[in-house]
Amino acid sequence: MLFKNYRTRYAMVMDTRRCVGCQTCVLACKAENGVPVNGYRDWIVTETKGEFPHLSMEIRSERCMHCTNAPCVTNCPTGASHFAKGGTVQIDRALCTGCKACVAACPYGARYVHPDGYVDKCSFCMHRVTKGASTACVEGCPTKALAFGDLNDPSSDVARLLHSRTSKLLSPEEGTEPNLYFLV
Amino acid sequence: MKGKIVPVCEEEGLELLFGTPSEKIELYSQALADAGFDPLPEFTPPDEVPPGMFRLLSGRAPMHTFGRTTNNRVLGGLMSENEVWINARAARSLAGFEEKPLKSGDYVMLVNQDGAKSGPVKAKVTERIRGDAVYLVHGFGHTAKGLSFSRNRGASDSALTTRFKVDPVMGGTGMNVNFVRISRAEA
């Protein structure tokens, strides 16, 4: 694909073993990005397996996966959803008509319609990242379950974590090549 | 350097002694025995759960601080009402729910052994709790009119805690000694 070759490849790594599901990431995101009352750019998923008392549980902080092969971008009729700096997926609000084709195309349910008529989702806090800061959710996380950085930089937190730990992707069979990794 | 050096840790020669008669950690306490208590604490089993009822347990949610923050719209957006957790196997054989088994999301009323009532509260049928207990997050079921957002959302574990027990030795209170019955909330 044309857009695959980036010098920087922004990615997030989420440690399901560290996360306690406190939703600080959700709140940090809402405060940072002015997310409306009924919209969410990130959310918590809790999965329980087994029958009491033989149980295992996984807690995940999920958001837009900024897929390398993003179906929202290929399905956007106006070009509002596009690949941007560091391989992230962004939305041009001026081009968005709110048709929701991207909402239907996204296998992760990462998008919602903003009351102002455009579709909104996680931006990987590019307004912070371009100034050298990390994302709001990463900085807010009290258990340090989240890491953000450049996968192409071997000394970044995300590269080190993925190198040393076992990770998984959500719905890899969709072929979206997501850039949100879950440590298990 | 003047003065006498006072050792402040074991490495400096401080003798480690406890403020007990034996000056050691006492698993068996003569002081407790003299006062007429178990010198080596014995397990006292809790009261049996009456048939058809559940022990009421309560706890916290990470985004809420006691009952104070449930009226906050931003935090309330993360969790706007509490749920009563009930074991999946127990929910399948729940009395009064034979025709239509209890599902997650159904609203129920909770009544305790003294007739105190709280709800309606959403049920959460889950494997994450044992079969003879139910669990509520504390801080919901407010009735104050001023709490315009959180009023009448969920059930109050405080309202259902009409009894408590006192530890005879050190006076701590145990509040998970109340039992509740679950009934379907009238639509």
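Tutor: A residue is called buried if 20 or more other C-beta atoms lie within 10 Å of its own, exposed if 12 or fewer, and partly exposed in between, with C-beta atoms placed from the backbone. This is a predicted model, in which local features need pLDDT of at least 70, side-chain atom pairs count only at pLDDT 80 or more, and totals for chains, interfaces and linings use all residues. Residues are numbered from 1 along each chain as its sequence is written, while chains are lettered from A and ligands numbered from 1 in the order in which they are written.

Student: Does His66(A) count as buried or exposed?
Tutor: His66(A) lies in the loop between β3 and α2 (71-75) of chain A; strands are DSSP runs of E of at least two residues and helices runs of H or I of at least four, numbered from the N terminus. Although not a glycine, His66(A) has a positive phi of about 45°. Because His66(A) has 27 C-beta neighbours inside 10 Å, the class is buried.

Student: Is Phe66(B) buried or exposed?
Tutor: Phe66(B) is placed in the loop between β1 (54-59) and α2 (73-78) of chain B. Its phi is positive, about 50°, although Phe66(B) is not a glycine. With 9 other C-beta atoms within 10 Å, Phe66(B) is therefore exposed.

Student: In which element of chain B is Pro120(B)?
Tutor: The peptide bond that leads from Gly119(B) to Pro120(B) is cis, with omega near 0°. Pro120(B) belongs to residues 117-126 of chain B, which form strand β4.

Student: Where in chain A is Pro53(A) found?
Tutor: A cis peptide bond, with omega near 0°, runs from Phe52(A) to Pro53(A). The position of Pro53(A) is the loop between β2 (42-51) and β3 (54-63).

Student: How far apart do the C-alpha centres of domain 1 and domain 2 of chain B lie?
Tutor: Chain B is divided into domain 1 (9-42) and domain 2 (54-184), with bounds that come from an automatic or database domain assignment. The C-alpha centres of these two domains are separated by 41 Å.

Student: What is the radius of gyration of chain B?
Tutor: Chain B has 4 helices and 8 strands. The radius of gyration is taken over C-alpha atoms, and the globule rule is 2.2 Å times the number of residues to the power 0.38. For 187 residues that rule gives 16 Å, so chain B is more spread out than a compact globule, its radius of gyration being 24 Å.
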